[in-house]
Amino acid sequence: MYLAKTSWISILKFPAIAGALLLLPNLPLRAESVEFETPTATSESLEQIERYSNEEYNNSIGQGVEGASKFRDVSPSDWAYQALNDLIIRYDCLVGYPDGTFRGNRALSRYEFAAGLNACLNQIERLIAAATADFVTREDLETLRRLMQEFETELASLGTRVDSLEARTAFLEDHQFSTTTKLKGEVIFSLSDAWGGQTDNVQTVFQNRTRLNFLTSFTGKDQLQVRLQAGNVAPLLPGGNITFDDGTSATQEGRFTYDGPVGNNVVLDILRYRFPIGNKINVQIIANNGLHHYYVDTVNPYFEGLAGGSNAISRFAERNPIYRIGPFGAGAAIAIKPIDKLRLDFGYISNEAEDAGPGAGLFNGNYSAIAQAVYGDRFKVGLTYVHAYDGTMASDFPSRFVLGGTGTIFANLAPAALASITGLPAATMNTPVASNSYGIETSLQITPNIIFNGWVGLTNARLIGLGDANIWNFAGGLALPDLGKEGNLGGVFFGAAPTLRGLRTPGNRNFSRDFAYHFEAFYRHQIHKNISITPGVIWLLNPNQNSNNSDAVIGTLRTTFTF
């Protein structure tokens, strides 16, 4: 606890009823030694400075000599009510807390005692100087003189520490980064490898990713987020790293939450601004790299980490993949809370919003729109609908249709994969896709340390001019927060990654292959409030929807630094 000269002492005038309260008989006081740390230029000091200014403002308004009745937690039936009332009326040196409370049952430290005594002494000096000494008796002065001598050391220490705090406050004001912006960062180091099946070409890798978030508030209720990102986390399995037994060589299964950026080039990642309208509506404007899961509740606590390094290991375990249908883009979203426990979200994102060419722009290019309702508290249920349009792309995989970096090559409707099962030329498979996705998400907090989450997702995709596809996924996860010690997190997750279960085209009307199962387990060990180490394993069964393909196992040791 830190004390400052004038305004903080006024806050402590009450709890440290202090010097004057020694005049009361039978009042239990605790005379203990309190370690008084020297404030440093940290977030704690900034919070202290902010609290200092707020308390000074609060204590400058509406103060008057009303007696003990001005405290809302003091009643005439309290045993010390009359003594407290007399002290306030006679000396007006007990102010209390800004919320109007007295907190008379709380234990008292010697520093608080000294602060309260100092406040009463100052008030008595003012009364004497104003020729109103009749309010002060000789016995009072003698008692206060004794108290001054007894607490001389504490009063001197208090003054020294206040001077130090003021000096540090002045330093912070002169050297602060910004009066409106906070910097939050995350750095991930990961050591990873894959085993089993045809993974001989997958080498052990040491990868990294860095994020810097600049969070700016202009009103105290809004927020402008600017995020810079760099990394070199290439996925382990997609591309030429692996060829499964059935000849397929690409999949989006088993990707890490934090993979994607390569080359360690610094890029502008997220750029968005959010602000409230009244008490029930929140609006977001997304200018770059927007995705639906950035602003809706994915109903997957402790696994959802917003592609960070503190929760689940894989992208699939973070959320129902339908939240990430459609590429990154720009747009807007609105969240409404019409009643308690009910939240409604609506959002629209276009990944060609900046392109003024034909078939592009905010409304004529690729887009994705979401509508969702979530109800509950300890037990939550979410109903999600996503409509998307994805045009053709020059590259073969990932194709124009994406499921957020999850699922099989078939579920992502890669033209070459579709050609292999339809017998049609791959060029004819690269058609625009219009899709409607439906999701049901649930979360049940069985106890504060046992949470079960689960979901089911269905995507009906129309390959325009070619046919229809049905893509399913489902999953369940058990989260164990504070496992072993506070701050740790254990997680077990199992489900079927997005799997193509139905395809109706001129060349194939009854396509059906195995579900691509995904098992995951991880344990985040919080070795410091800003450092965690997370060993984790991902086991892929029936990769690329084929039970004849050998299973693949991916292991990682992730270290996350936050600041």
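Let's start where two helices meet: Arg-110, Tyr-111, Ala-114, Ala-115 and Asn-118 of helix H5 touch Glu-154, Leu-155, Ser-157, Leu-158 and Arg-161 of helix H7. Keep in mind as you look around that this is a predicted model.

**H5 and H7**

- Helix H5 covers residues 110–129, and helix H7 covers residues 152–175.
- The axes of H5 and H7 are 9 Å apart and meet at an angle of about 90°, so H5 is roughly perpendicular to H7.
- Sorted by class, the contact of H5 with H7 holds 5 nonpolar, 2 polar and 3 charged residues.

**H5 and H6**

- H5 also packs against helix H6, which spans residues 138–150.
- Here the angle is about 140° and the axes lie 11 Å apart; the two helices are therefore oblique to each other.
- The crossing of H5 past H6 is left-handed.
- On the H5 side, the contact is made by Arg-110, Phe-113, Leu-117, Leu-121, Ile-124 and Ile-128.
- On the H6 side, Leu-141, Leu-144, Leu-147, Met-148 and Glu-150 take part.
- By class, this contact of H5 with H6 has 9 nonpolar and 2 charged residues, and no polar ones.

**Gln-207 in strand S2**

- Gln-207 sits in strand S2, which runs over residues 205–216.
- Its relative accessibility is 6%, so Gln-207 counts as buried.
- The side chain of Gln-207 comes to 3.2 Å from the backbone oxygen of Ala-234.
- Leaving aside residues up to four places away in sequence, Gln-207 touches Ile-188, Phe-189, Ser-190, Asn-232, Val-233, Ala-234 and Leu-236.

**Two loop residues with positive phi**

- Leu-413 is found in the loop between strand S9 (379–390) and helix H10 (415–422).
- The phi of Leu-413 is near 55°, a positive value in a residue other than glycine.
- Leu-413 counts as buried because its relative accessibility is 0%.
- Asn-542 belongs to the loop between strand S15 (531–541) and strand S16 (552–562).
- Asn-542 is not a glycine either, yet its phi is positive, at about 60°.
- With a relative accessibility of 14%, Asn-542 counts as buried.

Terms used:
Residues are numbered from 1 along each chain as its sequence is written. This is a predicted model: local features need pLDDT of at least 70, side-chain atom pairs count only at pLDDT 80 or more; totals for chains, interfaces and linings use all residues. Side-chain values use heavy atoms; hydrogens and water are left out. Axes are lines fitted to C-alpha atoms, for helices over the stretch in contact, and angles run from 0 to 180 degrees between N-to-C directions. Helices (H or I, at least four residues) and strands (E, at least two) are DSSP runs, numbered from the N terminus. Angles under 35 degrees count as roughly parallel, over 145 as roughly antiparallel, 65 to 115 as roughly perpendicular and the rest as oblique. A crossing is left-handed if the near helix is turned anticlockwise from the far one by less than a right angle, and right-handed if clockwise. Contact means heavy atoms within 4.5 Å. Ala, Val, Leu, Ile, Met, Phe, Trp, Tyr, Cys and Pro count as nonpolar, Asp, Glu, Lys and Arg as charged, and the others, Gly among them, as polar. Buried means under 20% relative accessible area, exposed over 50%, partly exposed in between (1.4 Å probe, protein chains only). A polar contact is a pair of N or O atoms within 3.5 Å; within protein, one must be able to donate a hydrogen and the other to accept it, and residues adjacent in sequence count only if both atoms are side-chain atoms.
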